[in-house]
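Please open the structure in your viewer and keep the sequence panel beside it. The tour goes from one selection to the next and says what is there.

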Amino acid sequence: MVADHPVVDGLPGTIHLDDEVYGDLSLRDGLEVLVTAKRTAGDRPQPVVWVHQPGAGRVAYDGFGHDVDSIRNPAHRSLLASALTWVTEDR
């Protein structure tokens, strides 16, 4: 984890997933990166989970979940549940 945010609260500092990681993304300004991952051991960290708050809205992006094993991972499921709660909660 790279940030302190309700979407990642309670998650372990490191999550081990066998999943695809997109690399060298160009993210727009105003996004808060919450989780990074490496494609290979020598790679630099790539953003894989981020949030954005445009106006009164909330957006959470999760770049994991390319197969059922990723979705079944307890830490990933917890991240998804936290993201859904954060996106839909009243402020």
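In which segment does Asp24 lie? Select Asp24: it lies in the segment before β1 (32–37). Strands such as this are DSSP runs of E with at least two residues, helices are runs of H or I with at least four, and both are numbered from the N terminus.

Before going on, note that this is a predicted model, in which local features need pLDDT of at least 70 and side-chain atom pairs count only at pLDDT 80 or more, while totals for chains, interfaces and linings use all residues. Residues are numbered from 1 along each chain as its sequence is written, and side-chain values use heavy atoms, with hydrogens and water left out.

**Stop 1: the whole chain**

Show the cartoon. The protein has 2 helices and 3 strands, and from the N terminus on the elements run β-β-β-α-α. Along the principal axes, the C-alpha atoms fill a box of roughly 40 × 30 × 20 Å. The radius of gyration, taken over C-alpha atoms, can be set against a globule rule of 2.2 Å times the number of residues to the power 0.38. For 91 residues a compact globule would come near 12 Å, and the protein has 13 Å, which agrees.

Now colour by accessibility. Buried means under 20% relative accessible area, exposed means over 50%, and partly exposed is in between, with a 1.4 Å probe and protein chains only. Of the 91 residues, 31% count as buried. Contacts are heavy atoms within 4.5 Å. Among contacts between residues at least 6 apart in sequence, 49% join residues at least 24 apart.

**Stop 2**

Return to Asp24. Its phi is positive, about 55 degrees, although Asp24 is not a glycine. At 49% relative accessibility, Asp24 counts as partly exposed.

Side chains of opposite charge can pair when their charged atoms come close. Here a salt bridge is a side-chain nitrogen of Lys or Arg within 4 Å of a carboxyl oxygen of Asp or Glu. How many salt bridges does a search of the whole structure find? The search finds 4.

Arg39 forms a salt bridge with Asp24, and the closest N and O atoms are 3.6 Å apart. This pair links distant parts of the chain, 15 residues apart: Arg39 is in the loop between β1 and β2 (46–52), and Asp24 is in the segment before β1. Arg39 counts as partly exposed, at 40% relative accessibility.

The side chains of Arg44 and Asp24 meet in a salt bridge of 3.0 Å, N to O. Arg44 lies in the loop between β1 and β2 while Asp24 lies in the segment before β1, so the pair ties together parts that are 20 residues apart in sequence.

Is Asp43 buried or exposed? Asp43 counts as buried, at 13% relative accessibility. With all four selected, you see one network: salt bridges that share partners join Asp24, Arg39, Asp43 and Arg44.

**Stop 3: Ala41 in the loop**

Select Ala41, which is in the loop between β1 and β2. Ala41 counts as exposed, at 75% relative accessibility. Draw a distance line from Ala41 to Glu89: their C-alpha atoms are separated by 37 Å, and the two residues are 48 apart along the chain.

**Stop 4**

A cavity is a set of points on a 1 Å grid over the protein atoms alone where a 1.4 Å probe fits but cannot get out; a pocket is an open set with protein on both sides within 12 Å along at least five of seven lines, and lining residues have an atom within 4 Å of a point. Points are joined across faces, edges and corners, and a volume is the space filled by probe spheres set on them.

The structure holds 1 cavity of 30 Å³ or more. Select its lining: Ile15, Leu17, Val35, Phe64, His76 and Leu79. The largest cavity has a volume of about 30 Å³.

Now pick His76, in helix α2 (residues 74–88). His76 is buried, with a relative accessible area of 2%. Leaving aside neighbours within four places in sequence, the contacts of His76 are Leu17, Asp62, Phe64, Gly65, Ser70 and Ile71.

**Stop 5: the largest pocket**

The largest pocket has a volume of about 260 Å³. Of the 15 residues that line it, select the closest to its centre: Ile15, Thr36, Ala37, Lys38 and Phe64.
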